[in-house]
Amino acid sequence: AAAQEITTDLKNRGPYWSGHFEESWEVERGNVRIPADSEHPLSPRERWQAYDDDTRPLPRRTTPVSIPQNASQLTIGNRAAYRDIAMDLLPGRFEPGKQNTADQDWFLTYTQGGEINRAIRRATNKVENSKM
């Protein structure tokens, strides 16, 4: 339940333009490394042409993530090859004055600012309430 809450939050808070980054979140069983091996379907040149100031992002359509069952430990990660930029771990995504679909430093704010803990509490409360 916590993995579902967290991935839904990440999908809703993260940048969204074509949907590729949002669709690249996944949950794996165990403590594993999730590779950044999912290339964007458009070439870099096509992306820059498509994402000029006159275009708008596609409507956000957060799709659910498949969650492995019966696992004591799960890893949440994103397979997009450009994930470090999309997560603001490397510079290049956020530009003041341009259309940005996520706040600057959204990922670090979520993971280190307490939001992830609130997601875990929400999930725990839902599970506990469903048992009553």
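Q: Why is Asp88 called buried in this predicted model?
A: Asp88 has a relative accessible area of 13%. Buried means under 20%, so Asp88 is buried.

Q: Where does Asp88 lie, and which residues is Asp88 in contact with beyond its neighbours within four places in sequence?
A: Asp88 lies in the loop between helix 4 (83-86) and helix 5 (106-112). With those neighbours left aside, its contacts are Arg93, Phe94, Asp103, Gln104, Asp105 and Trp106.

Q: What makes Asp88 and Asp105 a polar contact?
A: A polar atom of the Asp88 side chain lies 2.7 Å from the backbone nitrogen of Asp105. The cut-off for such a pair of N or O atoms is 3.5 Å.

Q: How many aromatic pairs does the structure hold?
A: There are four aromatic pairs.

Q: Why is the pair of Phe21 and Tyr82 called tilted?
A: The ring centres are 6.3 Å apart, with 35° between the planes. Pairing requires centres within 6.5 Å, and planes under 30 degrees apart count as stacked, over 60 as edge-to-face and the rest as tilted, so this pair is tilted.

Q: What does the pair of Phe21 and Tyr82 tie together?
A: Phe21 lies in helix 2 (residues 20-23) and Tyr82 in the loop between strand 2 (74-78) and helix 4, so the pair joins parts 61 residues apart in sequence.

Q: Why does Tyr82 count as partly exposed?
A: Its relative accessibility is 24%.

Q: What makes the pair of Phe21 and Trp106 edge-to-face?
A: The angle between the planes is 85°, and over 60 counts as edge-to-face.

Note on methods: Residues numbered from 1 in each chain as written. Predicted model: local features only at pLDDT ≥ 70, side-chain atom pairs only at ≥ 80, totals over all residues. Heavy atoms only, no water. Helix = DSSP H or I, 4+ residues; strand = E, 2+ residues; numbered from the N terminus. Buried < 20%, exposed > 50% of the residue type's maximum accessible area, 1.4 Å probe, protein only. Contact = heavy atoms within 4.5 Å. Polar contact = N/O pair within 3.5 Å; in protein donor to acceptor, adjacent residues only side chain to side chain. Phe/Tyr/Trp six-rings, centres within 6.5 Å; stacked < 30°, edge-to-face > 60°.
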